[in-house]
Amino acid sequence: MSNSEQLAQPFPVSDDIIVKLPQGTHISYEGNYLFYAQSSSLYISTFEMKNKVKNTIFKALAPEEILAKGIEVEILEPGKQWKSGKVRCRLVLDFIPDEQ
């Protein structure tokens, strides 16, 4: 793959970034729209975007404990002792810039 064919590296974005979804964007889950930009572009903060996705995941797939509070576990890393604590799932939005 040549340099011009390589994708730009994604990077996480903070919660205070504004995202513009172009007109005609329809993103839904089980018939319910998460993001719907029918007649004009939709402007939404990354914070609001993540919350909409998280709320959908809460309802459909995972209990609140795994996403917000964490669940009690023990982990074992190679060459180390067992360590107790909590594990939780976080949602991170990555931005992948277009090549210029």
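## Aromatic pair

Phe-11 has a relative accessible area of 40% and is partly exposed, a class lying between buried (under 20%) and exposed (over 50%), computed with a 1.4 Å probe on protein chains only. Phe-95 is likewise partly exposed, at 43%. This is a predicted model, in which local features need pLDDT of at least 70 and side-chain atom pairs count only at pLDDT 80 or more, while totals for chains, interfaces and linings use all residues. Residues are numbered from 1 along each chain as its sequence is written, and side-chain values use heavy atoms, with hydrogens and water left out.

The structure holds one aromatic pair, where ring centres of Phe, Tyr or Trp (its six-membered ring) must lie within 6.5 Å; planes under 30 degrees apart are stacked, over 60 edge-to-face and the rest tilted. Phe-11 and Phe-95 form this edge-to-face pair, with 5.6 Å centre to centre and 65 degrees between the planes. Phe-11 belongs to strand β1 and Phe-95 to strand β8 (residues 94–95), so the pair ties together parts 84 residues apart in sequence. Strands (E, at least two residues) and helices (H or I, at least four) are DSSP runs numbered from the N terminus.

## Salt bridge

One salt bridge is found in the whole structure, defined as a side-chain nitrogen of Lys or Arg within 4 Å of a carboxyl oxygen of Asp or Glu. The partners are Lys-50 and Asp-15, whose closest N and O atoms are 2.7 Å apart. Lys-50 lies in helix α1 (residues 46–60) and Asp-15 in the loop between β1 (11–12) and β2 (18–21), so the bridge ties together parts 35 residues apart in sequence. Lys-50 is buried at 15% relative accessibility, whereas Asp-15 is partly exposed at 35%.
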